[in-house]
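This report covers selected local features of one protein model. Please keep the sequence and the structure at hand while reading.

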Amino acid sequence: MKKRVLKKGRFYVPTKDSKNESWISDEKIYGEAAKDPIKFWEKLAEEGISWKEKWKKGYEQKGEFFKWFLGGKLNICYNALDRHLYRLGDNKAIIWVPEKEDEKERIYTYKELWKEVNKFANVLKQKGIKKGDVVCIYLPLIPEVIISMLACARIGAIHSIVFSGFSSDALKVRVLDGEAKLLITADGYYRKGEKEKLLQRAEEGIKETKLKRTIVINRFDKKRALKKGQEWYDELLLKAGEYCEPETMESNEPLFILYTSGTTGKPKGVIHESGGYSVQAMYTTKWNFNLKEGEIIWCTADIGWVTGHTYLCYGPLLNGFTTLMYEGIPNYPNPGRFWKIINKYKVSAFYTAPTALRMFILWGDKWVPKKMDSLKILGSVGEPIDEVTWKWYFKKIGKGNLPVIDTWWQTETGTNVINSLPGVGPFMPGIAGRSLPGTKYGVVSETGRILKKGKGLLVQFPPFSPAMLRGVWKNEKKYKETYFKLNGKKVDYYITGDAAVLYPNGFIKILGRSDDVIKVAGHRLSTAELEHAIHKSKSIGDVAVVSRPDKIKGEEIVVFAMPKKKLESRKEERIRKEITSLVNTQIGPIARPKEIYFVEDLPKTRSGKIMRRILKSLLRDEELGELSTIVNKECIDEIKIKIKEGFKR
């Protein structure tokens with residue numbers, strides 16, 4: 001077994017073997033890219049992507065708006081499928097694993113996937129869908145979701161994917177805003193061994209909209225009678241032509257829109273285009289996961305999030321890799337399911353969220369097999385990973401031998417943009433890494449002053465990276481005000497909305513959303529730093545820190561902690577003291593929590609993100625706002641009761 005990392009002080013570095021198998025092994029790439037980022041990306045675009053016509057200009061910016069590869073013509077579906085057929089046609093493109101263990105997996109080779117995508121592209125055209133139309137996709141993690149995406153891209157339609165766990169109201173908002181012409185959904189899917197009836201939600205979601213046509217994928221055994229305007233996917237495919245010419249797309253024409261959830265306001269439709277996104281999605285997948293043709297990447301994110309778009313669908317297929325998708329939850333039928341899948345299918349790169357990892361820690365190491373020899377790279381995504389979880393991931397899953405790639409990015413950035421490359425390193429628990437070669441991230445003060453080091457607001461300086469959003473759907477004002485205004489004044493850099501620490505060597509530690517900062521008696525405290533301190537308690541599985549208004553201090557700190565085991569009252573008090581002591585030691589007395597609540601669960605999205613705004617609203621007795629993204633709403637009532645009990649004390 002190859003040794004891939006070595007410990008060097010507090011950090012880890014790639015070995016010679018690891019460098020030899022890496023696409024990027026020399027950190028000179030950072031300096032070379034920084035000299036001329038535009039030429040850097042142009043070279044990659046020319047080498048990695050098949051263009052029908054080469055671009056006339058690499059980059060152009062006017063105010064807040066910018067373009068990449070102007071005049072370049074391509075089709076991302078062609079790049080993901082057609083160009084691989086001659087050499088890789090019989091290679092596996094998709095491995096789909098159903099939640100039910102007694103159900104057979106489905107495997108698509110590149111040839112098989114190409115055939116199905118062509119047929120479905122023709123179906124869409126027969127239904128009147130044309131270039132520039134929005135198609136709404138409301139599907140679970142089944143192969144047809146990737147087929148639908150690629151079929152839309154093939155004909156130049158804009159796909160708008162809505163997470164299958166969202167409510168009918170959330171679907172309606174996205175259908176109305178996107179003015180979708182067609183809905184693709186399924187009769188349902190399996191979750192925790194039970195049937196989730198998706199079609200009923202879909203029907204409710206498109207009421208009072210102009211959308212009249214729905215294509216339904218049959219996931220369950222028996223077909224139900226469909227209503228007016230609904231048609232079965234498999235029946236339509238039987239009548240479809242076998243080849244569909246890929247639509248020629250100018251580099252800056254829209255590929256997809258993806259909605260980011262607001263707190264109480266309407267979600268924003270983030271626009272991504274074809275050319276720049278293709279280039280960056282391809283190369284970040286290649287560089288981060290060090291895969292070769294035929295090797296398997298498993299990104300556990302749902303396709304409804306940008307992580308699923310880029311590292312479950314487009315990135316792997318643009319490179320000719322194999323992507324694995326799993327329908328169900330991590331602990332069905334037991335907490336060993338993920339590791340069983342990795343060993344059965346010989347997964348090389350595993351990409352998941354810190355919240356999921358903390359659940360695995362809660363479930364116990366007994367479920368983790370002694371060997372998972374196929375793994376080469378471990379990735380973390382979705383939120384800052386605390387040091388305790390990072391080390392567990394490294395030791396228990398990576399067996400103390402694999403690079404842990406802590407990636408930072410957003411729906412808006414399209415791909416990851418901050419991390420340590422596996423062949424370059426170093427890998428540091430709690431520190432994401434450097435700005436991706438060809439991008440320039442830094443920090444500014446609250447007043448907008450550019451800092452050379454220290455804590456501040458994370459921003460990206462121009463030229464903006466190729467995969468960046470190009471606007472907010474039907475809302476130019478929202479785009480300008482959200483991303484290019486600070487304290488009401490226009491700025492010439494992109495504001496991420498996250499807080500971070502910049503070190504003199506260019507490494508960046510992500511602290512979480514900049515609004516996840518608590519101001520106690522004039523002291524600014526990051527909730528991420530507080531949570532990292534509390535995670536050092538062996539009694540706590542997961543934790544969320546939020547604030548509550550205080551007349552004297554401005555804000556006070558409140559902790560919601562999930563114990564690993566059910567606690568008796570006496571033990572609760574002991575662990576409260578332990579948490580207070582950890583915060584005292586790690587941060588200081590100013591950070592001592594005012595209240596500590598022990599709860600059975602925390603409100604989360606399906607991707608594992610804790611919805612801290614819900615906890616803040618519960619503490620303030622405010623309206624909870626949009627709840628469509630939460631998959632465990634039942635925990636809210638329990639937390640309400642705990643808060644009332646807390647005030648009584």
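Contact here means heavy atoms within 4.5 Å. The model is a predicted one.

**Around Trp339**

Trp339 belongs to helix α13, which spans residues 337–345. With a relative accessible area of 1%, Trp339 is buried, because buried means under 20%. Apart from neighbours within four places in sequence, Trp339 is in contact with Phe350, Phe360, Trp367, Val368, Pro369, Met372, Trp392 and Ile397. Leu436 lies 97 residues from Trp339 along the chain, and the C-alpha atoms of the two are 30 Å apart.

**Two helix pairs**

Two packed helices are described by the angle between their axes and the distance between the axes. The table gives these values for two pairs.

| Helix pair | Residues | Angle between axes | Distance between axes |
|---|---|---|---|
| α6 and α7 | 110–126 and 143–155 | about 60° | 8 Å |
| α14 and α15 | 354–363 and 387–397 | about 70° | 10 Å |

At about 60°, α6 is oblique to α7. Their crossing is right-handed. On the α6 side the contact is made by Leu113, Trp114, Glu116, Val117, Asn118, Phe120, Ala121, Leu124 and Lys125, and on the α7 side by Ile147, Ser148, Leu150, Ala151, Cys152, Arg154 and Ile155. Sorted by class, this contact holds 11 nonpolar, 2 polar and 3 charged residues.

The angle of about 70° between α14 and α15 falls in the range of 65 to 115 degrees, and these two helices are therefore roughly perpendicular to each other. Here Pro354, Leu357, Arg358, Phe360 and Ile361 of α14 meet Thr389, Trp392 and Tyr393 of α15. The classes in this contact are 6 nonpolar, 1 polar and 1 charged. Phe360 and Trp392 are also among the residues in contact with Trp339.

**An open sheet**

An open sheet is formed by 7 strands with mixed pairing, in the order β7-β6-β19-β18-β20-β21-β22. Ile94 has Thr323 in β19 as its bridge partner.

**Backbone exceptions**

Most residues other than glycine have a negative phi, and most peptide bonds are trans. Several sites depart from this pattern.

The peptide bond from Tyr332 to Pro333 is cis, with omega near 0°. Pro333 sits in the loop between β19 and α13. A cis bond also links Gly425 to Pro426, with omega near -10°, and Pro426 is in the loop between β23 (418–419) and β24 (434–435).

Phe69, in strand β4 (residues 65–70), has a positive phi near 55°. Phe69 is buried, at 0% relative accessibility. Glu179 has a positive phi of about 50° and lies in the loop between α8 (168–178) and β10 (182–186). With a relative accessible area of 52%, Glu179 is exposed.

Helix α19 (residues 612–620) is itself mostly covered, with 7 of its 9 residues buried. These are Arg612, Arg613, Ile614, Leu615, Ser617, Leu618 and Leu619.

Conventions:
Residues are numbered from 1 along each chain as its sequence is written. This is a predicted model: local features need pLDDT of at least 70, side-chain atom pairs count only at pLDDT 80 or more; totals for chains, interfaces and linings use all residues. Side-chain values use heavy atoms; hydrogens and water are left out. Axes are lines fitted to C-alpha atoms, for helices over the stretch in contact, and angles run from 0 to 180 degrees between N-to-C directions. Helices (H or I, at least four residues) and strands (E, at least two) are DSSP runs, numbered from the N terminus. Angles under 35 degrees count as roughly parallel, over 145 as roughly antiparallel, 65 to 115 as roughly perpendicular and the rest as oblique. A crossing is left-handed if the near helix is turned anticlockwise from the far one by less than a right angle, and right-handed if clockwise. Ala, Val, Leu, Ile, Met, Phe, Trp, Tyr, Cys and Pro count as nonpolar, Asp, Glu, Lys and Arg as charged, and the others, Gly among them, as polar. Two strands pair if DSSP finds at least two bridges between them. Buried means under 20% relative accessible area, exposed over 50%, partly exposed in between (1.4 Å probe, protein chains only).
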